[in-house]
Amino acid sequence: MSETASISSGIAVRYATAVFELAKEAKKLGDVEKDIDALTAALSSSAEFSALISSPVYSRDEQAGAIAAISAKMDLSDIVSSTLGVMAEKRRLFVLPYLLSAVKARIAEEKGEVSADILSAKKLTKAQETKLAAALKKSVGKDVIINAAVDPSLIGGLVVKIGSKMIDSSIASRLSSLQSAMKEVG
């Protein structure tokens, strides 16, 4: 991790801890989780929103005004909108993506859930996702939320990441292993 990313995630963790603790104390974890999901979707779909939080071109007042308008338009909870306001005042909006993932992780941990990033060659059906989630639940002992993505270069099989653990059963990795083994022999 680069030094800049490390500093950004450190800042974000402090804000995330505050948001999580305030939401838990006020019994508003569900509302905050909906806000986090909405902000994550907005960031991934809007280049303007991404530019607003990361570009130094916007003044502190412009960022604060835009964030207040976005918070009102998205009907964000008081906890999240006031946190975003403080972040805008302190010129810390650039850590928003880290904040969103940190709060999401804390809420999932509180609910006894863990997320798994699944990479497959083809889109998984709902039945396949359900079976996979059940199998992973047996393995990790927690409810598993699946974040599925498609990578046709895998040819077949899956790559599963849960936390720091990774299981690669893709045909592409097996072919690569076979190719390495054949190079060693000949």
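These questions and answers cover a helix pair, one valine and a pocket in a predicted model. Residues are numbered from 1 along each chain as its sequence is written. Local features need pLDDT of at least 70, side-chain atom pairs count only at pLDDT 80 or more, totals for chains, interfaces and linings use all residues, and side-chain values use heavy atoms, without hydrogens and water.

Biologist: How is α2 oriented relative to α5?

Modeller: The axes of α2 (residues 29-45) and α5 (residues 78-89) come within 9 Å and cross at roughly 50°. Angles under 35 degrees count as roughly parallel, over 145 as roughly antiparallel, 65 to 115 as roughly perpendicular and the rest as oblique. Therefore α2 is, relative to α5, oblique.

Biologist: Which residues of α5 make the contact with α2?

Modeller: Contact means heavy atoms within 4.5 Å. Helix α2 contributes Val32, Asp35 and Leu39. From α5 come Ile79, Val80 and Leu84.

Biologist: Is valine 86 buried, partly exposed or exposed?

Modeller: Valine 86 sits in helix α5. Buried means under 20% relative accessible area, exposed over 50%, partly exposed in between (1.4 Å probe, protein chains only). Its relative accessibility is 35%, so valine 86 counts as partly exposed.

Biologist: Which element supplies the largest share of the lining of the largest pocket?

Modeller: α6 (96-110), β1 (113-120) and β2 (143-150) each supply at least two lining residues. Among the lining residues are Lys104, Glu113 and Ile145. The largest share, four residues, comes from α6.

Technical notes
Axes are lines fitted to C-alpha atoms, for helices over the stretch in contact, and angles run from 0 to 180 degrees between N-to-C directions. On a 1 Å grid over the protein atoms alone, a cavity is a set of points where a 1.4 Å probe fits but cannot get out, and a pocket is an open set with protein on both sides within 12 Å along at least five of seven lines; lining residues have an atom within 4 Å of a point.
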